[in-house]
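Please consider the model shown below.

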Amino acid sequence: MKRPIQKFVSGLLSVFLLLGISTTALALDPPTAAPAKTPLTVTAELNKLALMKGVTPADFDLGRAPTKVEAAVMLIRLLGQDPFQLPGCGTICYGYQDVPEWAELFVERFYQLGLMKEVSPTEFGSNKAVSANEYLTALLLLLGYQEGTDFTAADPQTMAKEIGLLTSNVQTAPFLRGDMALLSWNALTVKFKNSSETVGQRLVAQGILTQAQYDSLPTAFSHEVSLYFPNGVNRFPVGTKSVNLVLYNDMGKEITTGQPFTVQYLGADGQWTEVPLALFFTMELLMIAPGESKTFVCPLDDGDYQYQPGQYRITKTAFQDDMGLILTAEFTLE
C-alpha cells in the first residue's frame, strides 16, 4: 500500500526528535562561503587553473567515460608538461595513426613517459574508454610508485586510497569524466613517493600555478554535507523513472540520514512547490562516516503525477549531533 511521501519525511523527523536531535537548524538554502565538492564544481576549478577543458567552453561533458587521449592530456597537464607551454616540443616520435591533430604533442610526451600501454605500435587507442584502474595506475606511476612493487595493475585502488588519491566520492564503475576530474583534483595535494613535495607544489615550482592558487586549494570547497547528481549530470528527459543522488559527508563527524526525500518544482512565480508523490519508505536510519558517501536511488514516477518540462529539486534530511540540515539537488526535465 502506498502512502504519501510527506508523511514519511515527517515520520523520519519524529524519529530524530525522539532521539533528542534538534531540528531547529533546518534550512533549505543554507549560505556557504564555498561550493560543495562535486564533479561539476571540481571540474570548474580545474578549468580555472587551466588544467582541464571541456569539449566546448560551456560543456564539460561529465556524464560519459573519458577517452584515452583525454586522460593523456589531463595527466600531462598535472605533470606541468603542457607542450604548448614548453619551448622546443615539436617532434613526434611515435608511429600512432589514430591520434587527433590537436593532441599529437600531448601524446608525444605521454609516449615518452610510458604512463599507459599502447594498443599496438601504430595504435594509441585514442578513442578507447579509460577505466578507473587504468587512470589510477597512470596517476600512481606519475607520482613515482612502481607497478608490481607498490601496487598491481589489477588493484591500484588500495594504494590510491592509502595515499588519499581515491576518495569515496569518486565513482569507479562506471568511471566517467567527472570522476577523472575528482581524482585529478585530489592528486594536486598528494605527495610524490618518498618526497615532501605535492603535485600542486611542483606545478608552482614550474610556474604553472601561483603560490596563491595552490594555497587556496584546501578552501576551494566547503567541508560539509553535500547532495549531488553523479558527475554533474542533472538534465533528464520527461518520463525518467528514477535518478541517482550521492550524499557525501565531508565534515569531521558522522551524520545520520534515511531513505525519504521530497520532490519540488519551480513555478512561474519563482516559488518551489512540492510534487504530490505517493511513495513508500522504510524508516531505517543510515549512518555515513566522515569522508564517506552513499548513493540513493530516488524514484520519480508513482504512476499518478504527470511531470512537465521544467526545473525541479530533490530534498533530503541529514543530521549531525543536534544540527539538522535539509539538502537540495536541482535538476531539469526536458
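The paragraphs below treat these topics in turn.

The model is predicted: local features require pLDDT of at least 70, side-chain atom pairs count only at pLDDT 80 or more, and totals for chains, interfaces and linings use all residues. Residues are numbered from 1 along each chain as its sequence is written, and side-chain values use heavy atoms, with hydrogens and water left out.

Helices (H or I, at least four residues) and strands (E, at least two) are DSSP runs numbered from the N terminus. Among the buried residues of α7 are Arg177, Asp179 and Trp185. The buried residues of this helix pack against α2 (39-48), α3 (68-78), α5 (132-142) and α8 (199-205).

Aromatic side chains provide a second theme. Rings of Phe, Tyr and Trp (its six-membered ring) pair if their centres lie within 6.5 Å; planes under 30 degrees apart count as stacked, over 60 as edge-to-face and the rest as tilted. A search of the whole structure finds 14 aromatic pairs. In one of them, the ring centres of tyrosine 96 and phenylalanine 124 lie 5.4 Å apart with the planes at 40 degrees, so the pair is tilted. Tyrosine 96 belongs to the loop between α3 and α4 (104-113) and phenylalanine 124 to the loop between α4 and α5, so that the pair links distant parts of the chain, 28 residues apart. Tyrosine 96 is buried, at a relative accessible area of 10%, and phenylalanine 124 is buried at 2%.

For phenylalanine 261 and phenylalanine 281, the centres are 5.3 Å apart and the planes stand at 75 degrees, so the pair is edge-to-face. Phenylalanine 261 is in the loop between β4 (255-257) and β5 (262-266) and phenylalanine 281 in the loop between β6 (272-274) and β7 (286-288), so the pair ties together parts 20 residues apart in sequence. Both phenylalanine 261 and phenylalanine 281 are buried. Ring pairs also link Phe229, Phe236, Tyr305, Tyr307, Tyr312 and Phe331 into a cluster.

Finally, an open sheet of three strands has the order β1-β3-β8, with antiparallel pairing. Strands pair if DSSP finds at least two bridges between them. β1 (225-228) and β8 (293-299) are the edge strands, each pairing on one side only.

Methods: Buried < 20%, exposed > 50% of the residue type's maximum accessible area, 1.4 Å probe, protein only. Contact = heavy atoms within 4.5 Å.
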